[in-house]
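Notebook, structure look-up. I wanted to go through the chain contact, a ligand and a sheet, in that order.

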Amino acid sequence: MKILVAIKQVPDKNARLQLDESGTRIVETDLSWETNESDRYAVETALRLREAAGEGEVVVVTLGPERARKAISSALAMGADRGIHLVDPDFQGGDPLCVARALAAVAQAEEAPLVLCGTRADDDGYAETPILLAGLLDRPAVFLTMGVEQVDGGLRVVRELEASRQEVSEIPLPAVLGIQSGIHEVRFTSLKGIMAAKKKPVGQPTPTELGLSADRIGKAGRRLEVLSLAPPEKKSQCEFIEGKPEEIAATLVDKLRREAKVL
Amino acid sequence: MAKDVLVVIEHEDGAPRRPSLEALSLARRMAQATGGRALAVVAGHGTEAVAQAVASSGADVVHHFDHELLAQYTPDGYRLAITPLIRELEPEWVLMGHTYLAQDLLPLISATFDAPVISDCVDMEIDAEKVVFHRQPYDAKLVARIFDRGPAPHFATLQSGAFPADDLPQDHGGTVDAHTIDLSGDRIRRRVLEIHDAGESTVDLSSAEMIVAGGRGLGSKEKFQQLIGQLVEALGGAAVGASRPVVDSEWLPHDHQIGSSGQIVSPKLYIGVGISGAIQHVVGIRGSQVIVAINKDKDAPIFNEATYGIVGDAEELVPAIAQAIAEARQS
Ligand SMILES: Cc1cc2nc3c(=O)[nH]c(=O)nc-3n(C[C@@H](O)[C@H](O)[C@H](O)COP(=O)(O)OP(=O)(O)OC[C@H]3O[C@@H](n4cnc5c(N)ncnc54)[C@H](O)[C@@H]3O)c2cc1C
Ligand SMILES: Cc1cc2nc3c(=O)[nH]c(=O)nc-3n(C[C@H](O)[C@H](O)[C@H](O)COP(=O)(O)OP(=O)(O)OC[C@H]3O[C@@H](n4cnc5c(N)ncnc54)[C@H](O)[C@@H]3O)c2cc1C
């Protein structure tokens with residue numbers, strides 16, 4: 001079975017964020033980037049499904065500028081077979097629906113029966129692209145997937161629920177799954193994998209090649225406008241303790257005893 | 001055209017869930033501002049009482065779908081009831097709490113209307129011209145004000161607790177409109193086999209008096225054990241908690257996880273080290289009497305929750321703090 005995995009490159013968790021002049025986006029230069037956390041789990045899940053079946057192809061797709069190529073390289077180094085990079089400027093700056101439309105066009109062009117996504121991009125954090133995608137493709141989907149195996153007629157899927165519960169269900173193929181972080185341990189990349197990745201093909205289809213008109217994707221297609229982006233107003237009651245480590249320690253202990261009375 | 005706001009109600013044990021009531025409260029505010037009505041939809045089986053409760057709690061009209069195939073939530077069952085209803089009612093907004101069910105369902109419906117969802121909102125501005133929702137990208141380090149410039153219906157989900165439901169009436173007297181729905185099993189593509197607990201839990205953090213919790217910022221399993229261990233020992237025994245990435249990376253078993261998909265805790269003292277303070281973690285610790293946060297990033301959202309905040313490197317701070325605590329306990 002061919003499995004398409006959608007991965008997004010996001011700023012490093014510890015990155016210092018700065019706002020651009022428009023006050024609606026962060027400055028992208030000088031940031032370090034990584035593949036979104038749950039998307040790494042999605043790649044791992046695809047590789048395990050391919051290994052369990054003993055056949056199949058894992059194709060990773062990312063929508064993003066030139067820098068996002070690295071996310072594809074890392075997935076190829078983990079063991080994915082091929083990459084697709086939606087790098088054309090017309091794809092960029094869309095809202096989740098624009099991203100879902102582009103991914104839907106790729107899924108159709110690739111005729112991939114299974115599309116895996118993460119659950120939430122750790123930067124923009126909409127947590128909806130996979131299910132929008134399923135809606136556009138009119139496929140069954142499961143969000144927050146914590147387990148998946150191929151069974152007769154489709155997939156058996158474990159969905160995470162609130163209050164530490166899980167739902168086990170079966171859905172037919174073709175399907176879309178949003179993979180939740182923690183589903184499996186993610187493999188380390190070997191040097192051999194990194195070398196092999198260099199020879200694997202990465203396509204760069206244009207919107208036209210995918211049958212997408214420019215006003216349905218990217219900046220031109222988006223409905224959701226960011227009017228402003230800013231640090232939150234501090235509503236914190238937090239009392240910061242400063243000084244050298246020993247001084248901080250002494251002050252903290254004093255406060256925990258006298259004020260908070262918890263020691 | 002009046003600007004009605006429709007809330008998709010989730011229910012449990014015969015009552016509407018809290019996030020749905022929070023959405024209803026906001027729907028009433030929005031409807032009031034624009035002269036529309038607050039509407040609700042309940043899908044289920046034998047859920048007349050839920051629909052009644054929602055009508056009493058402030059919905060002007062509750063649309064009730066009762067069918068045996070709706071007894072168990074499935075995206076297709078709910079979608080097949082709710083999508084035609086939205087077409088019929090033409091609401092300006094469709095709202096839900098940002099729950100697991102909403103994330104599994106709402107984008108499926110919104111896509112049919114060629115609309116995205118403004119998800120996980122924490123605030124709203126409304127005036128005659130437009131509605132603007134606030135959400136918190138980059139793990140709540142920033143606030144984005146979002147406007148949907150597309151045509152109605154618009155879709156939004158609300159972060160749990162961000163819109164209080166305290167102002168809901170108890171005897172509103174809204175009407176319940178019972179709908180019939182023609183559903184057959186073959187249109188429901190998800191076949192639910194069972195619902196069970198995620199795993200045996202041997203660690204009960206809910207009754208712990210003192211909890212020391214570590215996050216990904218500790219860097220490795222070894223550092224986690226070393227630094228968290230020092231604090232636990234200094235306190236003469238405290239329970240060990242963790243953020244989700246820590247248990248996902250198997251530094252610690254799953255039952256130490258605190259948060260929306262872990263345990264909810266209410267200790268006298270919670271010390272969080274190298275934890276950013278994502279909402280999914282924070283909802284688990286809000287019941288703590290005193291929260292001490294140690295994080296090297298002064299803008300980490302955990303400091304919005306903390307009683308005492310310490311900005312710095314855990315490796316330098318924790319040994320000193322552990323020592324001071326140990327000495328204080330001996331004196
Ligand atoms: C320059 C710029 C301008 C932007 N302007 C806007 C704007 O005006 N309005 C707005 O709403 N958003 C804007 N965005 C953000 C937007 O593009 C989001 O990335 C998009 O809306 C998807 O939502 P999300 O990232 O929160 O993904 P989520 O829905 O949280 O993602 C879930 C999963 O979907 C998949 N996925 C998501 N994005 C991608 C991707 N790019 N490639 C492959 N797979 C993916 C992944 O598997 C991911 O785990 C802008 C981004 C950039 C770079
Ligand atoms: C559906 C869903 C459910 C979830 N459920 C939960 C849940 O129940 N519980 C949970 O915790 N999460 C949950 N999450 C994940 C959550 O969104 C966050 O990703 C997670 O809480 C982040 O964990 P963290 O703070 O340890 O890691 P990070 O976000 O990586 O933060 C690490 C922090 O450590 C700090 N740091 C780094 N180095 C140092 C140092 N040397 N000294 C001091 N500080 C340092 C950094 O400044 C940073 O703030 C869930 C997510 C989803 C999508």
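The entries below follow that order.

Entry 1, ground rules. I am working with a predicted model, where local features need pLDDT of at least 70, side-chain atom pairs count only at pLDDT 80 or more, and totals for chains, interfaces and linings use all residues. Residues are numbered from 1 along each chain as its sequence is written, chains are lettered from A and ligands numbered from 1 in the order in which they are written, and side-chain values use heavy atoms, with hydrogens and water left out.

Entry 2, chain A against chain B. I looked up the contact (heavy atoms within 4.5 Å) and found 88 residues from chain A and 84 residues from chain B in it. The buried area (accessible area, 1.4 Å probe, lost by two parts on being put together, summed over both) is about 7,500 Å², and carbon and sulfur atoms give 54% of that.

I then took the salt bridges (a side-chain nitrogen of Lys or Arg within 4 Å of a carboxyl oxygen of Asp or Glu), and there are 16 between chain A and chain B. One of them joins A:Glu225 to B:Arg149, at 3.0 Å from N to O. Helices here are DSSP runs of H or I with at least four residues, strands are E runs of at least two, and both are numbered from the N terminus.

I found ligand 2 between chains A and B. It has 30 residues around it (a heavy atom within 4 Å), and B:Ser243, B:Ile258, B:Ser261, B:Ser276 and B:Asn295 come nearest. An oxygen atom of ligand 2 is 2.7 Å from an N or O atom in the side chain of B:Asn295. For B:Gln257, the side-chain N or O atom is 2.8 Å from an oxygen atom of the ligand. A nitrogen atom of ligand 2 is 2.9 Å from a polar backbone atom of B:Ala314.

I traced 10 strands in an open sheet of mixed pairing, in the order E11(A)-E5(A)-E4(A)-E1(A)-E6(A)-E10(A)-E7(A)-E8(A)-E9(A)-E12(B). E11 (202–203) of chain A and E12 (191–197) of chain B stand at the edges with a single partner strand each, so one side of each has no neighbour in the sheet. Strands pair if DSSP finds at least two bridges between them. E7 (residues 141–151) and E10 (residues 175–179) of chain A run parallel, joined by three bridges. A:Val142 has A:Leu177 in E10(A) as its bridge partner.

Conventions: Polar contact = N/O pair within 3.5 Å; in protein donor to acceptor, adjacent residues only side chain to side chain.
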